[in-house]
Amino acid sequence: MISEQINEILNEQINKEFYSGYLYLSMSAHLKELGLNGFSSWMRKQAKEEVEHGLKIFDYIIDSDSFVTLKQIKMPEFEFNGILSIFKVVYEHEKCITSSIMKVAQKAEEECDRTTLNFVDWFISEQVEEEEAVKNIIKRLELFGEAKEALYLMDKELGERS
Ligand code: FEO
C-alpha cells in the first residue's frame, strides 16, 4: 500500500494527464477545422496517449490497494495565434507535466517508496521523448515558417504518426 500523500499526489497526476488529453483534443478539433488533418490527427493521438497515462496511474493506485479519487477536469484553454503557437503551448504544458512527475518521484524518494519510484521511472523517460518530439516540430515550424508547401509536407508527415 502506498502512503496517503503519495496516493493524493498520484490522484492529482491522473487529473493532470486527463486534462492534457482534454487540452490536446481541443487543439486537435481546432486544427481539423483549419483543414490540417495531419496535425489534427497527431494531436488526437497525443490526447489518447495522455488518457492512457492517466489510466496507467489509475491502475497503479488500485493495484497498490489504495483509492482513486477522480477530480473535476477544468476546461481546456489556449489562445490560437497560429500553428507554431499551439505547439509552443504544448511544449510549455509538457514541461509542467515533467516537473509534476518529478515531484512525485521526489516524494517517493523521501518516503523510500521504491515501488512508486520504479513506477514513475517510465513516466520520466516518456516525458523526455514527448518534449523532444514537440521541440522538433517547433524547430521545423520556426525554420520553415508557415509557408504553404512546408505546412503541406509536415501535415502529411504528422498524419502518419502511428
Ligand atoms: Fe502524460 Fe504528456 O504527459
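**Ground rules.** I worked on a predicted model, in which local features need pLDDT of at least 70 and side-chain atom pairs count only at pLDDT 80 or more, while totals for chains, interfaces and linings use all residues. Residues are numbered from 1 along each chain as its sequence is written, and side-chain values use heavy atoms, with hydrogens and water left out.

**Fold.** I looked up the secondary structure, taking helices (H or I, at least four residues) and strands (E, at least two) as DSSP runs numbered from the N terminus, and found five helices and zero strands, which read along the sequence as α-α-α-α-α. Along the principal axes, the C-alpha atoms fill a box of roughly 55 × 25 × 25 Å.

**Packing.** I then turned to contacts (heavy atoms within 4.5 Å): of those between residues at least 6 apart in sequence, 80% join residues at least 24 apart. Buried residues, meaning those under 20% relative accessible area with a 1.4 Å probe and protein chains only, make up 46% of the 162 residues.

**Charge.** I noted 19 positive side chains (Lys and Arg) and 31 negative ones (Asp and Glu), with His and the chain ends not counted. The centres of the two sets lie 5 Å apart, each charge being placed at NZ of Lys, CZ of Arg, CG of Asp or CD of Glu.

**Cysteines.** I searched for disulfides, defined as pairs of cysteine sulfur atoms within 2.5 Å, and the count came to zero. Cys96 counts as exposed (over 50%) because its relative accessibility is 51%, and Cys112 is exposed as well, with a relative accessible area of 65%.
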